[in-house]
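Work through the following exercises with the sequence and the model open beside you. Each task is followed by a solution that goes step by step.

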Amino acid sequence: MTYARSPLAPAAFPALPPIAGVTAHVARAGYKAWDRCDLTFVRLDPGTTVAGVTTQSRCPSPEVEWCRKALTLGAARALVVNAGNANAFTGGRGRAAVEAIAARAAGSLDCQPSDVFVASTGVIGVPLPIDKAEAGIDAALAAPACGWEDAAQAISTTDTFTKGAVTTAVVDGRTVTLVGIVKGSGMIAPDMATMLGFIFTDAAVDAAFLQAALAEANRTSFSCITVDSDTSTSDTVLAFATGKAGNAPIASSEDAGADAFRAALSDLCLQLAHLVVRDGEGATKFIEIQVTGAESDRSAHRVALSIANSPLVKTAIAGEDANWGRVVMAVGKAGEPAERDLLSIRFGNTQVASGGLASEGYDEAPVAAHLKGHEIEIGVDLGLGEGRATVWTCDLTHGYISINADYRS
């Protein structure tokens with residue numbers, strides 16, 4: 001099934017440069033009855049380091065468990081991504097499929113299976129067919145190298161547009177490049193990464209530093225988005241650093257270019273996270289929620305998520321209804337410290353409520369005008385402290401119901 005392109009999508013896929021030491025291939029394994037490539041194989045040159053964050057779901061896929069174990073070694077030679085079958089909740093058959101995929105890829109590169117990272121996305125509860133996976137890997141290896149847009153398309157499921165981004169940084173006097181592709185549209189909730197995302201850089205970065213930098217970037221990007229409050233069994237973000245830029249390896253925050261690299265990685269992750277929200281299933285509005293004045297940043301984050309995940313808030317925005325009372329409700333139910341008579345709320349640049357009631361002289365017309373746009377901003381000040389957080393979400397429309405009601409058909 002194909003879906004109409006999101007009205008929040010960028011005009012086109014960006015021009016992403018190749019990354020030295022990275023070669024991508026795609027093939028059609030045939031995991032679903034679709035006429036498109038659904039297996040991605042990425043070769044990584046020897047010496048590539050890796051970092052990753054994975055779902056906090058208590059029912060993770062065997063791919064997630066495999067990646068967690070492989071990440072402890074810090075080295076990577078290949079990435080295999082399957083689209084159309086999550087291979088989650090599939091017991092021993094699912095684990096056997098991951099082992100077979102890693103073995104097949106490792107055999108082609110003369111490396112250890114633990115050097116191969118595997119991710120899958122799609123329907124839960126259906127074992128990944130090993131024969132199709134192995135044939136798909138063989139076909140990908142025989143195929144010519146592809147560009148980033150083809151790779152981004154091959155990892156997608158209900159996505160309505162391909163998603164990619166690029167940043168650069170100056171490290172040790174050399175310009176290093178970071179490229180990322182991501183898939184995600186539904187089952188998106190901030191419990192680490194909330195989708196599949198893959199980042200590649202030519203910078204030389206120690207695995208431990210790369211892990212710390214990615215975890216930091218994740219906290220203010222992927223863990224600050226939500227489409228529907230549902231955390232996937234398969235969420236994974238991996239970052240690979242080939243070292244081909246020739247800089248002195250970054251091993252600590254004191255090394256030359258460390259701050260610049262971290263800033264570039266955070267920027268890239270935020271770009272990718274926003275693209276996922278802009279492709280939220282059925283979305284017509286991109287919503288930024290800023291919470292200030294909380295007792296702590298963590299408390300502000302929880303309040304912001306309570307607002308972002310509220311079906312009543314999201315449907316009001318979908319209907320362009322300036323019903324700020326639903327924001328009050330969402331703040332109150334968050335389970336975090338809040339004082340009714342200190343609470344302030346704004347939509348866009350318009351203060352709608354403060355001191356426990358509607359703002360004096362409140363005029364709904366500018367709020368209604370703001371809600372007719374595609375970019376919506378809600379601000380909440382709790383008036384209690386210095387804690388602050390920003391999260392991003394989208395509206396909830398009938399399109400979300402239609403997509404998910406028909407997902408397996």
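**Exercise 1. Decide whether V123 is buried or exposed, and state where V123 is placed.**

Solution. Start with the relative accessibility of V123, which is 14%. Buried means under 20% relative accessible area, exposed means over 50%, and partly exposed lies in between, with a 1.4 Å probe and protein chains only. V123 therefore counts as buried. Finally, V123 and R326 are 203 residues apart along the chain, and their C-alpha atoms are separated by 34 Å.

This is a predicted model, in which local features need pLDDT of at least 70 and side-chain atom pairs count only at pLDDT 80 or more, while totals for chains, interfaces and linings use all residues. Residues are numbered from 1 along each chain as its sequence is written, and side-chain values use heavy atoms, with hydrogens and water left out.

**Exercise 2. Find which residues T233 touches, not counting residues up to four places away in sequence.**

Solution. First place T233 in the loop between helix 5 (207-219) and strand 9 (236-241). With a relative accessible area of 11%, T233 is buried. Then list its contacts, meaning heavy atoms within 4.5 Å: T233 touches T55, S57, C59, P60, S61, V64, A88 and I124. For S61, which is 172 residues from T233 along the chain, the C-alpha separation from T233 is 5.7 Å.

**Exercise 3. Determine how many disulfides a search of the whole structure finds, and explain the result for C111.**

Solution. A disulfide is a pair of cysteine sulfur atoms within 2.5 Å, and the search finds zero of them. For C111, the closest cysteine sulfur is that of C67, and because the two sulfurs are 14 Å apart, they are too far from each other for a bond. C269 is likewise in no disulfide, the nearest cysteine sulfur, in C224, being 12 Å away. As for accessibility, C111 is buried at 14% relative accessible area, and C269 is buried at 0%.

**Exercise 4. Describe how helix 2 packs against helix 1 and against helix 3.**

Solution. Take helix 1 (residues 62-71) and helix 2 (residues 91-109), whose axes are 9 Å apart at an angle of about 50°. Axes are lines fitted to C-alpha atoms, for helices over the stretch in contact, and angles run from 0 to 180 degrees between N-to-C directions. Angles under 35 degrees count as roughly parallel, over 145 as roughly antiparallel, 65 to 115 as roughly perpendicular and the rest as oblique, so helix 1 and helix 2 are oblique to each other. In their contact, P62, E63 and W66 of helix 1 meet G94, R95, V98, E99 and A102 of helix 2.

Now turn to helix 3 (residues 130-142), whose axis comes within 9 Å of that of helix 2 and crosses it at roughly 25°. Helix 2 is therefore roughly parallel to helix 3. Here A96, A97, A100, I101, R104 and S108 of helix 2 meet I130, A133, E134, I137, D138 and L141 of helix 3.

Key
Helices (H or I, at least four residues) and strands (E, at least two) are DSSP runs, numbered from the N terminus.
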